[in-house]
Each structure stands twice: as structure tokens, then as C-alpha cells.
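Here are some notes to read beside the model.

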Amino acid sequence: MSIAEPLTVLKSELLQKIVPELVDLLASAQQDGRPVHKVEEDLWDVLLRTGQRSMTAFFDSHGTGDLGPTLTLPTGEQVSRLEKLHTRQYVSIFGRFDLTRVVYGTRESQALAFVPLDNRLQLPASDFSYLLQDWDQELAVEQAFTKVNQTIARMLRLRQHTDCLENMNRQMAEDTAAFRDAQPAPPVAEEGKFLVNTADGKGVVIGGQGTANVCGGERPGGVRANQKRMAAVGAVYTVDPYVRTPDEVVAALFRDANYTPPPRPEPCHKHVWAVLPQGSEKANSSIDLIYDWLLQESELRNPKGRQPTVHICDGQEALWQARDEYLPDTNTVNVLDLLHVTPRLWQAAKLFHGERSPLVVPFVRQRVTQVLQGKVETVVRGLRRLAKEHKLNSAKKKSLARICGYLHKNRQRMRYDEYLAKGYPIASGVIEGACRHLVKDRLERAGMHWTLSGAQAMLNVRSVHLGGQWQAFQQFRIERATQRLYPHRQLVVGEAYFTMAA
């Protein structure tokens, strides 16, 4: 059989068998009154079978990739055709295929030096086609691996092992760091006026971090079998000014019926990432990695500090220490997330007036307004004065002291009157959303336990997807793999392959 003959046979089969099969299917569906959803399903099955036949013919048209008894590589190395044909599996969206190929090397027991058919087709390193990997993992960043397996099986009539999907995710994650490093800055015309960077933490349940129970009873020392490890989460974006008054913010926070907030500018080119501490590394190493990434993003998107930069965090001291170490630019504005201040004012109000008193809401509203007016010290002094007047008990005094200490310590990050006048963001909704959407929505479902490496791989791949860079990432990793796997592609490109194979 000549090289072109399998494709000629396919052409004949399409005309003589498959096209009439489609026509007969539609005709019988019309005659039987078959519902359209059933017609769709029947057509899809025919198309899958057609795809499988077409792929088989395409593979057959390439033969075994025999380029003669010996071959000289561009490096000058001469390799010989091994006697034994080698078979590998290729799993595509149209099913599984066994490819039997000629291989070149020095001897059978050593690593193969060159496989012409693999080079010609630019096959992936794994058994799974790049397209199938793409579809599998785009589903996997949103759904459990078991659910992905079920979905693909229904759509493509193709069953995969869950372990294969997990390994595929890990392998794909290996290219995310290089992809991030290779990304150019977003176009200046598409950026907002302010650069914002922010960070927070989110726990992930890691299986096997604790101690197993003994004979179905208690665990030694009360240690749980599965424990949480804290992921550091970072986000970088730009945004336009959103100028408001303290009264407008208060009206929005308390959902005043007669107030409609003006449209809020949308974040531009929001990028997020999360890092778990791995192995025996210190707990804060994940924070270090996130802030190093924030620094790189800031230098890329705001070279020489040409834009105002805002850094928003809660009161976690480790985050602010990392900010001072990695983002020491004196032009950066530090903002304590307002939504970590308001709960403490609610706590203070209930210390004085109880849980259900009608005085609680006015109390909080007044002090939130003062905080937004830049009067943090006034609020702190007032709370301490009220503590004496109300003669709080010891426990309530300690609680109020913690609240006042928090406000006093963070007062330099609470100049909300200045921030509002300049249109800076004052709440970390973006990072709170990243913690929820990037981490919690995928990694914290009921009964879900991860290994550290598996969880980190998912976070890496998911962050690319949430950043709207999925297609660019797939093209990047395919090109990177092709360069790595097939440095001698020029030997088997186009007609040269067919001439040599013939």
C-alpha cells in the first residue's frame, strides 16, 4: 500500500458509506418522527466514528516512519534503525490509537535517539493529545476530576482514569511559571490609572498531615488526620479612580434605601496566584513567594513608579512585613481593608449595648463615619472613655482593648479621607474574591482532601484560567514541549519526510 492509499480509501469510504449513513439517519428520523435531541445524539455518534476512521487513515498514511537503515542527526551523531518496531498509544478526542513506529538509536536497551513518526506528527510526551488535555483540564479547573471523567465519557464515549487526569494537571502546571515569566505587560491603553496589589491567606485541607486514629478510636495527642495549610494569595490589577465622600460610603455600607451608588470602575487585567508552603519550608515562605511575584508584576506593569500604587491588606502583620521587604517604594499607599475595621466597630457596639439593642446601629454608623473622615484617634479615645463610663467587666475590657489596639496600630493605614478624595480603593474585595474563587470554590469542597503538590498544581493551572489566559497558555506550553521533544524537526518536515519514507 502506498503512502497516499489510506487517504484514498478514506475518501472512498466517506463517499460510499459515511455520507449515505448520515443521509439514511436523517431520512429515517424524519419518517419515524424521532425527536430532534435524539437525532443530535445519533449524528454525534456517527461523527465520532468518522473522526476515528479519519485519524486511523491519517496515521496509516504516514507508515512507520522508516528513513533507512542509518540516519545522521544535525548534531553529527549517526544512529541506526533498531530491528524491533515500537508501539505507543495516542489518546485523542476520537478514541485510542496504537502507533507502530521505526525508532533509531544505538541499541535496544538505551534511550531512543530519534523517532521519525513522533517528530513528523509532533506527538506529546504523554499518551493524551494536546486537545484532549486542553478539554480535560479546562473542565478540571472548575470540577472534581471524577466529574470531569464522567463528563468526557458522556461527550466523547472515552473513559479515562482519574489518576491520569490528576497527573495531567501536575504536568500542565509545570509550565505555568515559565508562562507567567514570558508574559508582556498589558497594553498601557487598557490599564487603569492606579496599580493595586493585595494579598491574603486561605486554608486548604491537606490529607495525611495529621495522625491516623488508633483502632477506630482516638488519635494520639488529638491530632486530626487531615489539617489545613495556609495558602498565600496575591492579586494585581489596575483600576480607575472612584471618588466618593465618607457619607456616600456609609450610605452604601448600610444600604440606605434612598442611595444609589455611582457605577464602580472595573479592575483591568486582574492576575491572581496562590502558593502553599511545601515540605519543611517555613510557614511564611508562601508569603515570600507571593510578594516576590507581586514585585515582578509591579515592576512589569508600573516601571519606575509612573502610576500611583495602592497596597491593600487586612491587619495580618506578616503581610505588611513582606510588603516592606518586597515593595518598599515610598510612593506606595498602604490601605487597611475597611471591611476588617467595620466588624470590630460592631463588636465594640455590642460590648456597650448588647446584641439586640437599637443603639447598636447608630453607634456603629457614627464611628464608621468618623473613621472614613480620618478621625481614627478620636474613635479610639472615645471608646476608651466609654469603657470607663460603662464600667465594663474584665472580659469586656480585654475585648475592647484588643479593638482599640488594632485601630491604633493600623492608624497610618486608615487615612480614608485622603484615599476617598483621590479615588483609591479602600476595600479588598478583589483579594477576598480571589481567596474564595481561586482557592475555596475548587479546593474546599465537601470531603475533598489534597496532597500539597496536587493542590499547588491545581492552583497554578486555575490561576492561569481565571486570568483569561487559557488559550495563550495552551499554545505556549505546546510550543515549549515541541522545542524540547523534537529538536530535529527539520529532518521530517513536509515532503522531505514522504520522500525519505518512500
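1. A word on terms: helices (H or I, at least four residues) and strands (E, at least two) are DSSP runs, numbered from the N terminus. This is a predicted model, in which local features need pLDDT of at least 70 and side-chain atom pairs count only at pLDDT 80 or more, while totals for chains, interfaces and linings use all residues. Residues are numbered from 1 along each chain as its sequence is written, and side-chain values use heavy atoms, with hydrogens and water left out.

2. Confidence comes next. The chain has a mean pLDDT (the predictor's confidence in each residue, from 0 to 100) of 89, and 92% of its residues reach 70 or more.

3. Please go carefully with two stretches. Over residues 210-216 pLDDT stays under 50, and the model has 14 contacts (heavy atoms within 4.5 Å) beyond four places in sequence there. Residues 498-502 also stay under 50, with twelve such contacts.

4. Lys391 sits in the loop between helix 13 (376-390) and helix 14 (394-409). Its phi is positive, about 50°, although it is not a glycine. Most residues other than glycine have a negative phi. Lys391 counts as exposed because its relative accessibility is 71%; the cut-offs are over 50% for exposed, under 20% for buried and partly exposed in between (1.4 Å probe, protein chains only).

5. Lys304 is another non-glycine residue with a positive phi, near 60°. It belongs to the loop between helix 9 (285-301) and strand 9 (309-313), and is exposed at 89% relative accessibility.

6. Val341 lies between strand 10 (332-336) and helix 11 (342-353). Leaving aside residues up to four places away in sequence, it touches Leu336, Val371, Leu407, Met414 and Tyr416.

7. In helix 8 (residues 246-253), the buried residues are Pro246, Val249, Val250 and Ala251. They pack against helix 12 (360-372) and helix 15 (416-422). Just after this helix, Arg255 takes a positive phi of about 55°.

8. Helix 4 (residues 130-140) buries Tyr130, Leu132, Gln133, Asp134, Asp136, Gln137 and Ala140. Their cover includes strand 3 (86-92), helix 5 (145-156) and helix 6 (162-173), along with helix 16 (429-443), helix 17 (452-466) and helix 18 (470-485).
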